[in-house]
Amino acid sequence: MAMNDKISDYITFPKTFENYMWYKPILVFIVGFIIALILVVLIAAVFYLTLGFDFVISVLGGGFEALNSPFAILFVDLMVIVFIPSLYLASKVVKDRPFSSYSSSRGGWNFKLYFKALVIPLILYIIYMGVDAAIAGTKGTSHLSIAFLAVILISVPIQSIAEEYVFRGFLMQTFGSWFKIPALAIVLQAVIFALLHGYNGIGLFETLVMGLGYGFFAWKTNGIEISSAIHTANNFSVGLFVMLGLKTSTSSPQLLDVAVAIAFLIILFIIMYCVGRKTDWFGEIPENSQNI
């Protein structure tokens with residue numbers, strides 16, 4: 001249990017628990033990594049047995065360019081989604097703190113806040129990518145299917161939320177509890193977030209800006225619902241346009257594309273911040289939350 005009922009600063013929230021010890025996040029990482037590795041191997045085995053060795057190797061070694069089919073996206077998404085149960089089980093094994101504390105310092109995950117915050121970025125992303133497709137022309141081949149639509153509607157949002165648990169939840173809170181400097185925690189997790197995405201040098205800057213923005217919203221809203229909503233909107237929109245053949249996934253974006261994308265992100269973040277201030281996203285009370 002937390003020491004008091006006051007809504008604590010999300011980044012330094014781990015330190016409010018009576019059994020907090022600085023080394024416990026390291027143990028959670030080790031245990032969680034082992035559990036995740038086991039689950040990833042099992043997932044790879046299932047896809048190997050059903051779709052073959054060539055499929056598994058092509059997806060694992062093909063970068064973002066390989067993510068042009070529902071099965072490829074599902075395969076990659078599942079390997080990220082496993083981090084949610086891995087983190088949950090690791091926190092239980094280590095007896096670190098409640099899993100809900102990774103969601104927010106307001107009492108757990110708030111579904112209402114997540115879905116409320118999803119509308120604006122989803123609309124803006126679709127408009128932005130639609131304009132880009134209209135200007136640049138069709139870049140890919142249509143993969144429209146029920147299977148593809150099911151993947152981007154179900155696994156893509158969960159995968160986006162899983163990344164938020166890992167980077168804005170576990171990592172950012174760990175750095176925050178160690179250094180007690182929110183800005184430093186936000187920057188560190190954003191750098192790791194960017195480096196682990198496998199883009200070229202230019203593409204890393206766009207991912208870095210994403211990570212900084214997501215971290216800022218997690219800090220300001222005392223939870224990962226807003227960052228998860230923006231993250232979901234981005235990944236869903238990319239999946240949608242790839243499915244329609246209007247966009248291709250790439251690990252090597254060009255300078256102009258990255259510059260435009262960063263400008264869009266900055267505008268999106270400003271809009272989300274202003275709307276959030278007006279609609280009290282930054283003051284959600286614990287009673288609106290669900291402990292998960």
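User: What makes you say that the charged end of Lys220 sits over the ring of Trp219?

Analyst: This is a predicted model, and in it the charged end of Lys220 is 4.7 Å from the centre of the Trp219 ring. The distance has to be within 6 Å, with the charge within 35 degrees of the ring normal. The 4.7 Å of Lys220 meets the distance part, and the pair is listed as a charge sitting over a ring. Arg168 gets that description too: its charged end sits over the ring of Phe193, 4.3 Å from the centre.

User: Why is the contact of Arg106 with Glu225 called a salt bridge?

Analyst: The closest N and O atoms of Arg106 and Glu225 are 2.4 Å apart. The cut-off is 4 Å between a side-chain nitrogen of Lys or Arg and a carboxyl oxygen of Asp or Glu, so the pair qualifies. Arg106 is in the loop between α5 (100–103) and α6 (111–136), while Glu225 belongs to helix α10 (residues 225–243), so the bridge ties together parts 119 residues apart in sequence.

User: How do you know that Arg106 and Glu225 are buried and not exposed?

Analyst: Buried means under 20% relative accessible area. Arg106 comes in at 2% and Glu225 at 0%, so both pass.

User: Why is the pair of Phe13 and Phe17 called edge-to-face?

Analyst: A pair of aromatic rings is described by the distance of the centres and the angle of the planes. The whole structure has 27 aromatic pairs. For Phe13 and Phe17 the centres are 5.0 Å apart and the planes are at 65°. Centres within 6.5 Å make a pair and planes over 60 degrees apart make it edge-to-face, so these two get that label. Both Phe13 and Phe17 are buried.

User: Then what makes Trp109 and Tyr165 a stacked pair?

Analyst: Trp109 and Tyr165 are 6.3 Å centre to centre, with 20° between the planes. The distance is within 6.5 Å and the angle is under 30 degrees, so the pair is stacked. Trp109 lies in the loop between α5 and α6 and Tyr165 in helix α7, 56 residues apart, and the pair links these distant parts of the chain. Trp109 and Tyr165 are both buried. Ring pairs also join them in a cluster with Tyr88, Phe99, Tyr102, Phe111, Tyr114 and Phe115.

User: How do you know that the buried residues of α2 line one face of the helix?

Analyst: In helix α2 (residues 53–61) the buried residues are Phe55, Val56 and Val59. Looking down the axis of α2, they fall within an arc of 95°, so they line one face. Those buried residues pack against α1 (24–51) and α3 (70–81). The face turned away from the buried side carries the exposed residues Phe53, Asp54 and Gly61. After α2 comes Gly63, with a positive phi near 65°.

User: How do you know whether the radius of gyration agrees with a compact globule?

Analyst: For 292 residues a compact globule would be near 19 Å, and the chain has 19 Å, so the two agree. The C-alpha trace spans about 55 × 45 × 35 Å along its principal axes. The chain has eleven helices and zero strands, and 48% of its residues count as buried.

Notes. Residues numbered from 1 in each chain as written. Predicted model: local features only at pLDDT ≥ 70, side-chain atom pairs only at ≥ 80, totals over all residues. Heavy atoms only, no water. Helix = DSSP H or I, 4+ residues; strand = E, 2+ residues; numbered from the N terminus. Buried < 20%, exposed > 50% of the residue type's maximum accessible area, 1.4 Å probe, protein only. Arc of directions from axis to C-beta. Contact = heavy atoms within 4.5 Å. Phe/Tyr/Trp six-rings, centres within 6.5 Å; stacked < 30°, edge-to-face > 60°. Rg over C-alpha atoms; globule rule 2.2 N^0.38 Å.
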